[in-house]
Amino acid sequence: MPINLTILGSGSAVPVLHRGVTAQYLNFNERRILIDCGEGTQLQMRKFKVKFQRIQMIFISHLHGDHYFGIFGLLTSMSLWGRTQELAIYGPPELEEIIRHNFKLAQVYLSYQLNFYPVDVKEKTRIFEDNSIEVFAFPLKHRIKCHGFLFQEKEKEYRVNPEKIEKYKLSLTEILSAKRGEDVKRINVTLPFKDLVFPKEKLKSYAYCTDTKFYTKLPDWIKGADLLYHEATFTQEHLDRAKATGHSTAAQAAEIASQAQVGQLLLGHFSSRYKNIDPLLEEAKSIFPSVSCVKDGDVFIVN
Ligand SMILES: [Zn+2]
């Protein structure tokens, strides 16, 4: 189960009873990740049974309050509950000072170590990797500096077919060559590696793009993602408002999904002016059919 995404907050600006502000929990190949942390995120985690002590990394897109005001409470609660595991925070460079200053004034001493990794990039840039996943950040077009993130499975070596090992009596050196995608050369004969290995599976990926205006560079950066979350704060009827506030319409989000040829589009960050979000869904569907409007507590899985 490589990608398991839980929507913790799907609204914008102000939390209301049925829609929290932005936060998502991503379990990607057992890496446990929080993306944005609007006010009330820790309560949403309790409500939707996300164990917050297991979170290893937090990614914050930008410094508008509806994307990070929940972090002070969450970090403090982790400490009150006796966390000892280190926690990594990737986000705007100013975030470290904001958090440390706040805790200093309140004389909060955390029970665990916080490691900050400033994110400030102009092009798609890898900001994290381990042996299983990698994370890229890229700029979005918003009123203040804002980043999107692409979470991607890491390129693996080929898997050698055991039947071929038996058939050709492959040595360890030859197996390692085939794993790297190199042909096995013997005296008088070459065994093409493609005949020895299983085809590689497509690398799974999740792209997170909020908050942003329509941005023509996005499709290249997130090409072919299995899952794309793109903000859709407004409908086309309020296009002027979207432009003025640095946001997208549902049609624009669908256009990005279509150009990027993603598997599935998730829309969120809805303006609270829409009591009924069906018009946003209909607007996007006419451009990109594989689309859902998310609700708090929704879970999306890519196997
Ligand atoms: Zn914003």
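In this predicted model, Tyr 90 stands opposite Tyr 117 of strand β6. The strand pair involved is β5 (residues 87–91) and β6, which run parallel and are joined by 5 bridges. Both strands belong to an open, mixed sheet of 7 strands.

**Overall architecture**

- The secondary structure of the protein consists of 9 helices and 16 strands.
- Along the principal axes, the C-alpha atoms occupy a box of roughly 70 × 50 × 35 Å.
- Of the 303 residues in the protein, 54% are buried.
- When contacts between residues at least 6 apart in sequence are considered, 64% of them join residues at least 24 apart.
- Two domains are assigned: domain 1 comprises 3–156 + 200–302, and domain 2 comprises 162–195.
- A distance of 44 Å separates the C-alpha centres of domain 1 and domain 2.

**The seven-stranded sheet**

- The strand order in the open sheet is β6-β5-β4-β3-β2-β1-β16, and the pairing is mixed.
- Strands β6 (114–118) and β16 (299–302) form the edges, each pairing on one side only.
- From one strand to the next, the twist averages 20°.
- Strands of a sheet are paired by backbone hydrogen bonds, in either the parallel or the antiparallel sense.
- β2 (residues 23–28) runs antiparallel to β3, and 6 bridges join the two strands.
- Tyr 25 has Leu 34 in β3 as its bridge partner.
- A hairpin is formed by β2 and β3 with 2 residues between them, and Asn 29 in this turn has a positive phi of about 50°.
- On pairing with β4, β3 runs parallel, with 3 bridges between the two strands.
- Strand β3 is largely enclosed by the rest of the structure, because 7 of its 7 residues are buried.

**Helices against the sheet**

- Helix α2 lies across β3 (31–37), β4, β5 and β6, and runs at about 170° to β5.
- Helix α3 (residues 95–105) lies across β5 and β6, at about 150° to β6.
- Since 7 of the 10 residues of α2 are buried, this helix is largely enclosed by the rest of the structure.
- The buried residues of α2 are Ile 71, Phe 72, Leu 74, Leu 75, Ser 77, Met 78 and Ser 79.
- These buried residues of α2 pack against the strands β3, β4, β5 and β6, and also against α1 (41–47) and α3.
- Gly 82 follows α2 and has a positive phi, near 80°.

- For reference, the ideal angle for four tetrahedral donors at a metal is 109.5 degrees.

**Helix α8**

- Because 8 of the 11 residues of α8 (residues 250–260) are buried, this helix is largely enclosed by the rest of the structure.
- The buried residues of α8 are Ala 250, Ala 251, Gln 252, Ala 253, Ala 254, Ile 256, Ala 257 and Ala 260.
- The packing partners of these buried residues of α8 are the helices α6 (218–221), α7 (239–245) and α9 (278–285) and the strands β13 (227–231) and β14 (264–268).
- After α8 comes Gln 261, whose phi is positive, near 50°.

Terms used. Residues are numbered from 1 along each chain as its sequence is written. This is a predicted model: local features need pLDDT of at least 70, side-chain atom pairs count only at pLDDT 80 or more; totals for chains, interfaces and linings use all residues. Side-chain values use heavy atoms; hydrogens and water are left out. Two strands pair if DSSP finds at least two bridges between them. Helices (H or I, at least four residues) and strands (E, at least two) are DSSP runs, numbered from the N terminus. Axes are lines fitted to C-alpha atoms, for helices over the stretch in contact, and angles run from 0 to 180 degrees between N-to-C directions. Contact means heavy atoms within 4.5 Å. Domain bounds come from an automatic or database domain assignment. Buried means under 20% relative accessible area, exposed over 50%, partly exposed in between (1.4 Å probe, protein chains only).
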